[in-house]
Amino acid sequence: MKRLLRLLALVVLTGAAWTAWQAFAPRPVPPQATAVDRIDRILIEKSARRLTASRGGETVLEFPIALGFEPNGDKEQEGDGKTPEGTFQIDRRNPNSAYHLSLGINYPQPVDRARAQAAGVSPGGDIFIHGQPNAAGNLITLPGDWTAGCIAVSNQQMETLWRLTQVGTEVEIRP
C-alpha cells in the first residue's frame, strides 16, 4: 500500500511540475521574429489552421491557429461561427480586449454588407486576431476551434504578433 501511495504521489508531482513548466517556462521567440521590427502581411490558411506573417515576401512567423466554431466556408452572417475569407487590413489594436491583446480586421467589407442585406441578415463584425481569454490567464491555450469567428493564437504568440503588426497590415484569409 505504501508503494502505491508513493507511486501515486510521484505521478501527481510529475504532473504538477509539467503543468507548471508549460505555464511559466520561457517560450522561445522564433529567430526570424527578432530580426525584424514589423511585418507587412499576414496569411491565414483556414484549412491548414496556420497563420504566416511575412515582410517583403519572407516568412517571419508561422503559428497554429484556432478559428470560429464553424470554420468551413466564408462568414455569411452574425452568429454563424465562421471566420471570413478574403483580403482585409488590420484597422485597430486593442490592448484592453477580453482576450490577450487583439488586432482588428476590417470586416465586413462593402460586398459582405451587400450580401447580408440581400439575405436580410446582419453580416456580423468585430473579427480579430487575438490571444486566449483573459480569464484563462497564461495557463492554457484552448484546443480546437472555439472562437465566434476570430483567429486565436497562444498569448505568447500574440505578444510577438502584437509587437510586429501595425494598423494597415494586409491580412489574407484563405479557405
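Student: What do β2 and β3 form together, and which residue in the turn has a positive phi?

Tutor: In this predicted model, where local features need pLDDT of at least 70, side-chain atom pairs count only at pLDDT 80 or more, and totals for chains, interfaces and linings use all residues, β2 and β3 form a hairpin with two residues between them, and Gly56 in the turn has a positive phi of about 60°. Residues are numbered from 1 along each chain as its sequence is written, and side-chain values use heavy atoms, with hydrogens and water left out.

Student: How do you know that β2 and β3 pair?

Tutor: Strands are DSSP runs (E, at least two residues), numbered from the N terminus, and two of them pair if DSSP finds at least two bridges between them. β2 and β3 have six bridges in the antiparallel sense, so they meet that condition; Thr52 stands opposite Glu62 in β3.

Student: Why is α4 called mostly covered?

Tutor: A residue is buried when its relative accessible area is under 20% (1.4 Å probe, protein chains only), and seven of the 10 residues of α4 are buried, among them Met158, Leu161 and Trp162. As a helix, α4 is a DSSP run too (H or I, at least four residues).

Student: What makes a set of residues a nonpolar core, and which residues of the largest one touch the most other members?

Tutor: Such a core consists of buried Ala, Val, Leu, Ile, Met, Phe, Trp, Tyr and Cys residues joined through side-chain atoms within 4.5 Å. The largest has 27 residues, and Ile42, Ile44, Leu51, Ile105, Ile129, Ile151 and Leu161 touch the most other members. α4 gives the most to this core, with four residues.

Student: Why is the second largest pocket called a pocket, and how much space lies in it?

Tutor: A pocket is an open set of points, on a 1 Å grid over the protein atoms alone, where a 1.4 Å probe fits and protein lies on both sides within 12 Å along at least five of seven lines. About 230 Å³ of space lies in the second largest pocket. Its 19 lining residues, with Gly125, Asp126, Ala148, Gly149 and Cys150 nearest the centre, count as lining because each has an atom within 4 Å of a point.

Methods
Points joined across faces, edges and corners; volume = space filled by probe spheres on them. Buried < 20%, exposed > 50% of the residue type's maximum accessible area, 1.4 Å probe, protein only.
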